Amino acid sequence: MTSVAVAARGARRNPLRVTLAFVRRHVLTVYSLLFFAYLLLPIAVVAVFSFNHPTGRFNFVWKGFTWSNWSHWNAIPGIQSAVVLSLEIALIASVLATGLGTLMALALVRYGFRGRGTTNFIVFLPLSTPEIVLGASLLTLFLNISHVIPIGFWTILIAHVMFCVSFAVVTVKARLVGFDRHLEEAAMDLGANEWVTFKKVTLPLIAPAILAALLLCFAISVDDFVVTYFVAGSRVTFPIFVWGAARVATPPQINVIGIAFFVIAATAMLGNVFLQNRRAKQA
Amino acid sequence: MGFFHRHRGATPYLLLSPGMLWLAIFFLVPLGFLIYQSLQSGSIDFGYHFNWAWSNYWDAIKGYRGEFERSFEYAGLATAIALLVSYPVAYWIAFRGGRWKNLLLLFIVAPFFVTYLIRTLAWETILSDHGVVVRLLTDIHLVSPGGRVLATGTAVVAGITYNFLPFMALPLYVSLEQIDQTLIEAAEDLYASKWRAFLRVTFPLSLPGVVAGTLLTFIPAAGDFINAQLLGSPTSHMIGNVINSKFNELIDYPAAAAMSFILMAIILAMVLGYARAVGTEKLTG
């Protein structure tokens with residue numbers, strides 16, 4: 001078709017009709033794009049308002065642009081120690097929970113043993129219990145043993161490991177199910193003992209699942225509010241800081257830290273997606 | 001590893017014991033303490049003592065029936081809306097995503113990278129009385145002039161729906177992704193219309209995802225109090241708000257423990273009923 005013909009056809013067509021025809025043919029695509037816009041809208045709002053220069057105590061109305069919230073991210077008393085505490089807890093809890101969860105996943109997928117069904121059920125239970133019940137029941141325990149474990153750092157850590165373990169088990173298990181056991185048998189046939197086989201064959205193969213569990217646990221822990229609020233006593237994690245702030249004042253620094261976390265997590269995930277795509281292409 | 005070789009039967013128990021011990025001490029035992037606490041009476045000033053105070057349960061049901069009902073109503077609504085809204089998108093990614101699938105999934109979980117409370121505060125900004133959304137809804141007469149969206153039940157349901165949407169969309173995607181395309185082609189070869197092929201083949205095959213998604217959305221939604229606190233008003237408070245304030249502000253532990261236990265029992269009963277209807281292996285994997 002020549003360019004003249006294309007122009008003539010375009011001119012005859014009503015642009016509104018063309019758009020409507022396109023939308024009809026791609027309803028699902030258009031809908032999905034709108035859905036993504038809806039999902040990302042609040043994130044965009046948080047990002048934009050991190051540059052706001054509010055005049056009152058609340059950061060709900062746009063007053064003007066400033067960089068100062070970002071350069072003075074820790075200018076609000078207590079915000080820095082809250083962020084540090086959240087990161088500390090998340091780091092230790094995710095490592096502990098992933099370790100415990102990986103061992104459990106290995107047992108559940110590899111071995112037939114008595115009590116397997118019950119074990120699966122007990123792992124599943126915390127996932128199907130509302131957080132408020134987890135928090136409330138832990139608090140009733142900790143109140144009764146506060147002379148042994150004072151309510152604070154350690155009780156937060158214990159709680160976080162508890163609700164992360166199930167997520168770690170589920171994540172690692174999903175990967176182990178599709179695992180080719182012939183590879184291990186081959187290693188043993190070639191004279192490797194069980195420990196060497198585990199170290200040289202099993203571990204490298206399930207390493208991506210362990211990493212995924214680690215990241216998932218870290219993300220869940222850093223973001224947790226409800227359970228933490230019950231067992232934190234006077235300690236303040238970042239989500240607790242935000243909760244306290246929401247009642248009296250919402251400084252834009254909250255948005256700054258929220259978006260900083262978002263950018264770090266999104267970058268890590270994007271990198272992972274690109275790595276996977278490249279590996280898929282090479283394979 | 002010689003030890004493991006000699007005691008092969010013990011290996012799974014050795015692998016399980018640290019994690020199971022943790023779950024037993026910090027999940028199962030606390031539930032026992034919760035029940036124990038829920039049957040106590042007294043006050044924070046004079047101390048609590050255990051005396052089979054079943055009245056805590058009757059008082060909770062009688063006094064807070066509205067909040068209980070609202071919790072399940074809001075959670076049910078949010079779950080239904082989340083299912084309807086995210087199914088087409090999960091379908092689109094699974095069947096039309098091509099090599100962009102992983103990237104598109106990233107968009108689905110993106111909200112989780114922003115702290116829950118900050119996300120909810122963002123909705124407070126978006127739905128605020130002088131915001132764009134309220135002005136738009138007023139212009140098309142969905143909101144009466146001077147009316148508000150914030151501090152209503154609608155805002156609470158909208159917030160819950162948004163906050164738990166990825167829990168619905170991800171399992172839906174996983175189950176849709178696993179469907180063998182040739183089955184759908186076979187249905188169409190046998191003269192099923194596209195819509196009929198979807199209803200008779202695709203949708204039934206995606207049911208495990210629907211089950212997982214509805215549970216993962218409904219359970220946290222029923223116990224939520226953050227959305228009702230930040231986006232609602234006292235008339236749209238859920239049972240989570242009552243439990244939270246009784247535990248953390250009023251220090252009325254027995255009443256709060258009784259309510260927590262009732263909430264958990266109702267949810268567990270619903271999950272088990274659901275599990276029986278669809279088969280447990282799908283739930284616990």
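Which residues of chain A form a nonpolar patch on the surface? In this predicted model, the patch is made by Val48(A), Trp62(A), Phe65(A) and Trp67(A), which together have about 480 Å² of accessible area.

**Interface of chain A and chain B**

- On the two sides of the interface, 79 residues of chain A are in contact with 81 residues of chain B, and the two chains bury about 7600 Å² between them, with 80% of that area on carbon and sulfur atoms.
- Between chain A and chain B there are two salt bridges, and one pair joined by a salt bridge is Arg119(B) with Asp223(A), whose closest N and O atoms are 3.5 Å apart.
- Six residue pairs are found in polar contact across this interface, with both residues of each pair at pLDDT 80 or more.
- Helix α3 of chain A, which covers residues 27-49, gives 15 residues to the side of chain A that touches chain B, and this is the largest share.
- Sorted by class, that side of chain A has 60 nonpolar residues, 14 polar residues and five charged residues.

**Salt bridges in the whole structure**

- Over all chains, the search finds seven salt bridges.
- Glu184(A) and Arg110(A) form a salt bridge in which the closest N and O atoms are 2.8 Å apart.
- This pair links distant parts of the chain, since Glu184(A) belongs to helix α9 (residues 182-189) and Arg110(A) to helix α5 (residues 79-110), with the two residues 74 apart.

**Position of a patch residue**

- Phe65(A), one of the patch residues, lies in the loop between α3 and α4 (68-71) of chain A.

Key: Residues are numbered from 1 along each chain as its sequence is written. Chains are lettered from A and ligands numbered from 1 in the order in which they are written. This is a predicted model: local features need pLDDT of at least 70, side-chain atom pairs count only at pLDDT 80 or more; totals for chains, interfaces and linings use all residues. Side-chain values use heavy atoms; hydrogens and water are left out. Contact means heavy atoms within 4.5 Å. Buried area is the accessible area (1.4 Å probe) that two parts lose on being put together, summed over both. A salt bridge is a side-chain nitrogen of Lys or Arg within 4 Å of a carboxyl oxygen of Asp or Glu. A polar contact is a pair of N or O atoms within 3.5 Å; within protein, one must be able to donate a hydrogen and the other to accept it, and residues adjacent in sequence count only if both atoms are side-chain atoms. Helices (H or I, at least four residues) and strands (E, at least two) are DSSP runs, numbered from the N terminus. Ala, Val, Leu, Ile, Met, Phe, Trp, Tyr, Cys and Pro count as nonpolar, Asp, Glu, Lys and Arg as charged, and the others, Gly among them, as polar. Patches are made of residues with over 30% relative accessible area and no salt bridge: like charges are joined within 9 Å, nonpolar side chains (Val, Leu, Ile, Met, Phe, Trp, Tyr) within 5 Å. Accessible areas come from the Shrake-Rupley method with a 1.4 Å probe; for residues, only the protein chains shown count as cover.
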